[in-house]
Amino acid sequence: MVSENTELTYNSKIEGEVIVSRADAVINWIRTNSMWPMPMGLACCAIELMATAASRFDIARFGAEVMRFSPKQADVMIVSGTVTYKMSAAVRRIYDQMAEPKWVIAMGACASSGGMYRSYAVLQGVDRILPVDVYVSGCPPRPEALLDALMKLQDKVKREPSASKLLSA
Amino acid sequence: MPAAADAVAAVKGRWPGVGDRPSLDLPAINVPAADLLAVLAFLRDEHGFDMLTDIAGVDWGVEASPRFSAVYHLFGTASHEYLRVAADCADLAEPSLPSAVALWPAANWHEREAFDMLGIRFGGHPDLRRILMWDEYPHFPLRKDFPLAGVDTPLPDLAVVAETKVNAIAAPMVGGPFVASSGEINLTEAEPRAKDESWNEKRPKPAS
């Protein structure tokens, strides 16, 4: 006689204290839910970045509330604002000091393309000096747009072959 | 008699080279560069114009003579009156003026900005470095013969340049210049935006 199986969830009596999963799934799960931003606030977009971190929009819902002003503790650089040529070397140096793995969000028109500053003083898009993962349109973008960019970046990180990258590094 | 008119009359009596300057708002005088510091000190000490609110450099155009001027805005904190003092640079290619830092420490950064943007050298300035552009920048970007988009220029941080292969380039001006239309009722149209779509990156701008 076959008893009806009512076990729908994880049963530690059967499985022991062990969970089996893919390394990629675990690593990417950890990375996506604790992306600490490096707030590279250079202009008015930084105000929206602050709003994104504050209670109404609450970037903590996505595990990215720990703004790190030390690049060594940050995972994702959010370039929010106009990058001048004079500032560009500093931005690149701070990016270089971030530990791998690291990602970049170009927030707003200025960081993405120079925006309305078609001028002698402004870097025409931060992608000239950094590998950008997500671009956010808007001048400045709404906090929801930045949250959307963060979720897009999380989707991208979830698809990365992290384990093989770690082993081959 | 108001302090500003009083001061203008006194300055003109003492320095015959000083003349009236056309002005829509404030009392204004033109001062020869040689007399500039003496006039400013006189206005500060004898007529209570004790605050320097601004120094603005002006480029009147490539063909103009004199080409460069500096405009000083003085304010009397007791009389609550402004006075505008303008001085032309005699040399067209290497414009220079005496520095007012000894009279007002506030002149320091104003003069550095005028030097950075227009190349007016202020003799006797204690620290005449660029204030906005980086130190090695070879141009004066607010001169009339400098293109708005800029010109190709190497960046100063050699390590970063070696890594990124990036220099300062002329900005793409397609659809520009991006200037606001004042007096436009429709605010969307008045905003700075690409308005001339007759040319783009592939098709050159038609000769006007």
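How many helices and strands does the secondary structure of chain B comprise? In this predicted model, chain B contains five helices and seven strands. Read from the N terminus, its elements follow the order α-β-β-α-β-β-β-β-α-β-α-α.

The overall dimensions of chain B were examined next. The C-alpha trace extends over about 65 × 50 × 30 Å along the principal axes of the chain. The radius of gyration of chain B is 21 Å, whereas a compact globule of 208 residues would have a value near 17 Å. The domain assignment divides chain B into domain 1 (3-132) and domain 2 (149-208). Between the C-alpha centres of domain 1 of chain B and domain 2 of chain B, the separation is 34 Å.

Of the 208 residues in chain B, 40% are buried. The accessible surface of this chain amounts to about 11,400 Å², and carbon and sulfur atoms account for 56% of that area. Among contacts in chain B that link residues at least 6 apart in sequence, 45% are between residues at least 24 apart.

Two loop residues of chain B were considered individually. Glu63(B) occupies the loop connecting strand E3 (51-59) and strand E4 (68-76) of chain B. Because its relative accessible area is 76%, Glu63(B) is classed as exposed. Although Glu63(B) and Lys144(B) are separated by 81 residues in sequence, their C-alpha atoms lie 9.9 Å apart in space. His80(B) is situated in the loop between E4 and strand E5 (81-88) of chain B. The phi angle of His80(B) is near 55°, a positive value in a residue other than glycine. With a relative accessibility of 58%, His80(B) is likewise exposed.

In chain A, a positive phi near 55° occurs at Asp58(A), again in a residue other than glycine. Asp58(A) belongs to the loop between helix H3 (45-53) and strand E2 (76-80) of chain A. Its relative accessibility of 26% places Asp58(A) in the partly exposed class.

Cis peptide bonds were also identified in chain A. The bond from Glu100(A) to Pro101(A) is cis, with omega near -5°, and Pro101(A) is located in the loop between helix H4 (85-97) and strand E3 (103-107) of chain A. The peptide bond from Cys139(A) to Pro140(A) is cis as well, with omega near -10°. Pro140(A) falls within the loop that joins strand E4 (134-136) and helix H6 (143-158) of chain A.

Key. Residues numbered from 1 in each chain as written. Chains lettered and ligands numbered in written order. Predicted model: local features only at pLDDT ≥ 70, side-chain atom pairs only at ≥ 80, totals over all residues. Heavy atoms only, no water. Helix = DSSP H or I, 4+ residues; strand = E, 2+ residues; numbered from the N terminus. Rg over C-alpha atoms; globule rule 2.2 N^0.38 Å. Buried < 20%, exposed > 50% of the residue type's maximum accessible area, 1.4 Å probe, protein only. Contact = heavy atoms within 4.5 Å. Areas by Shrake-Rupley, 256 points an atom, 1.4 Å probe, with all protein chains shown as cover. Domains from an automatic or database assignment.
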